[in-house]
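Notebook open, model loaded. Here is what I looked up, entry by entry.

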Amino acid sequence: MSEAQAPKKHLKSQSAFAFDNSATTVAASQMRNALNRLADTVQDEEEKRKFETEMDNFFALFRRHLTDSAKGTTLDWDRIQPPNPEQVVDYRSIEGGEEAGAKYLDKLAVLKLNGGLGTSMGCVGPKSIIEVRDGKSFLDLSVRQIEHLNRQYDTDVPFILMNSFNTDDDTSTIIKKYQGHKINIKTFNQSRFPRVHKDSLLPVPKDVNDPIDYWYPPGHGDLFESLANSGVLDQLIAEGKEYLFVSNGDNLGAVVDFNILKHMAEGDAEYIMELTDKTRADVKGGTIIDYDGSVRLLEIAQVPKEHVEEFKSIKKFKYFNTNNLWINLKAIKRVVENNELAMEIIPNSKTVQQGNTEIGVLQLETAAGAAIRHFKGSHGVNVPRRRFLPVKTTSDLLLVKSDLYSISRGHLEMNAGRFGGQPLIKLGGHFKKVSDFQKRIPHMPKILELDHLTITGNVSLGKNVTLKGTVIIVCEEGNKIDIPNGAVLENVVITGSLSILEH
């Protein structure tokens with residue numbers, strides 16, 4: 001399209017947006033034109049319509065980012081207060097509703113966020129297919145949980161996967177093995193947004209078929225629009241579903257809870273966020289706050305530098321967001337159709353390879369938890385720690401593979417012999433990749449009485465190793481430490497180069 005021609009109405013009309021700052025206006029106008037040209041590279045009409053809808057959503061996000069950057073969006077710290085008792089309900093106050101909660105299962109759908117890759121743990125493909133326990137992956141355990149619910153209560157709870165363009169093909173192949181199971185699996189893709197040049201603020205891709213590195217999935221805050229645009233939201237509502245339980249694909253503690261289901265079904269909340277008490281490992285996690293009388297999610301990125309330590313304080317902000325969310329489906333439809341969502345934007349800087357050059361790019365993301373302020377009656381429920389069991393690293397993997405947990409109906413249950421919470425485990429860089437972890441710890445140690453474990457360097461564990469109390473193993477560079485079969489280590493520090501003799 002030449003500059004002299006009238007712009008085609010590919011996406012929303014540019015005249016619908018006004019900007020106070022002229023530089024912001026120019027940047028938005030240039031982005032609009034670039035997105036129109038990008039849409040012109042889509043040949044199939046149906047695909048083009050879907051692509052234009054995605055670019056509409058991206059442009060709205062980009063425009064808000066420009067406006068926020070110009071005006072500043074720092075929260076006034078003096079107006080931030082810890083949540084009041086109405087904004088965070090104690091789980092113990094809603095317990096005892098298991099039997100009553102079960103009758104609402106026919107109104108429930110369960111969604112797992114399945115857009116992430118296993119690259120941080122050295123794996124290829126969706127993170128959800130990493131084996132976590134007894135030959136079962138994250139996905140296997142989740143399917144088993146829902147299948148058990150459907151059989152036990154003779155119901156039909158749909159299981160939904162929100163994939164990204166990174167995980168969709170592999171996931172579609174994997175879920176074929178569940179055909180014939182008592183489970184209704186639905187999938188849809190979250191949006192594919194273009195990465196933006198840091199300097200020019202223009203899209204990196206020039207063609208819809210440009211390399212995959214030029215695009216990104218925009219975080220799980222994209223859940224609401226993508227669920228609606230995919231048609232899955234309308235399907236669920238037509239099937240009589242009213243509530244959606246959302247959780248991260250790698251959170252093995254996020255199982256359907258009848259107490260919370262009953263609490264939602266019999267209350268007036270459109271959105272419930274599960275929170276749990278902070279520990280030393282969680283001080284950077286987002287938390288619910290009271291901001292001028294309304295509930296909001298506060299992330300560490302929004303906190304002024306001089307207040308970061310206060311934010312990390314367990315005394316003032318004692319909960320953190322597990323990202324287990326319960327949301328009313330009709331309310332999702334309303335906020336999407338009325339364009340009510342304006343979640344805080346998380347700018348994320350990356351570098352990508354363009355030809356022989358490494359370029360700096362920006363991707364704009366949002367988090368589903370930030371939507372809490374856009375729903376009526378929203379509040380948190382302070383749940384037991386057992387509902388937050390994420391596997392982000394091989395340190396987490398050791399926990400869930402050990403004798404600390406057993407599996408029942410796809411649920412991980414802590415050993416009754418354990419006194420207290422989980423031990424703190426820190427594995428060094430030699431264990432970062434799952435393949436290295438499996439090679440160095442081919443047999444899980446017994447950790448029922450373990451409080452703290454640190455292992456760094458070239459260390460390997462043998463069979464039937466028992467760890468108790470505080471165990472620290474530090475191998476110096478160029479050396480090696482082998483812990484032999486049957487070793488019992490209790491409150492010890494091992495350094496240097498050493499092979500402990502067999503007993």
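This is a predicted model: local features need pLDDT of at least 70, side-chain atom pairs count only at pLDDT 80 or more; totals for chains, interfaces and linings use all residues.

I started with Asn 321, which sits in strand β15; strands here are DSSP E runs of at least two residues, helices are H or I runs of at least four, and both are numbered from the N terminus. Asn 321 has 13% relative accessibility, so I put it down as buried (buried is under 20% relative accessible area, exposed is over 50%, partly exposed is in between, with a 1.4 Å probe and protein chains only). Its side chain reaches the backbone nitrogen of Asn 323 at 2.7 Å. Leaving out residues up to four places away in sequence, Asn 321 touches Met 273, Glu 274, Leu 275, Gly 286, Leu 297 and Gly 369 (a contact is heavy atoms within 4.5 Å).

Residues are numbered from 1 along each chain as its sequence is written, and side-chain values use heavy atoms, with hydrogens and water left out.

Next I went to His 220. UniProt, in an unreviewed entry, places a "binding site" feature at His 220; UniProt positions follow the numbering used here, feature names are shortened, and annotations may be inferred rather than shown by experiment. I found His 220 in the loop between β10 (215–216) and α6 (223–229). Is His 220 buried, partly exposed or exposed? It is partly exposed, because its relative accessible area is 25%. The His 220 side chain makes a polar contact with the side chain of Asn 323 at 3.4 Å (a pair of N or O atoms within 3.5 Å; within protein, one must be able to donate a hydrogen and the other to accept it, and residues adjacent in sequence count only if both atoms are side-chain atoms). Beyond its neighbours within four places in sequence, His 220 has contacts that include Leu 113, Met 162 and Asn 248.

Leu 113 has Met 162 in β6 as its bridge partner. Strands β3 (residues 108–114) and β6 (residues 159–163) run parallel and are joined by five bridges; strands pair if DSSP finds at least two bridges between them.

I then wrote down the whole sheet: it is open, has eight strands with mixed pairing, and runs β2-β18-β12-β15-β11-β3-β6-β7. β2 (88–90) and β7 (185–189) each have a single partner strand, so one side of each edge strand has no neighbour in the sheet. On average, neighbouring strands are turned by 25° against each other, direction ignored. Helix α4 (residues 138–152) packs on the sheet, touching β3, β6 and β7, and its direction makes about 155° with that of β6. Axes are lines fitted to C-alpha atoms, for helices over the stretch in contact, and angles run from 0 to 180 degrees between N-to-C directions. Helix α10 (residues 329–337) also packs on the sheet, touching β11 (243–248) and β15 (319–328), at about 90° to β15.

Last entry, a backbone check. Leu 201 has a positive phi near 60° without being a glycine. Leu 201 lies in the loop between β9 (196–197) and β10, and counts as partly exposed because its relative accessibility is 23%.
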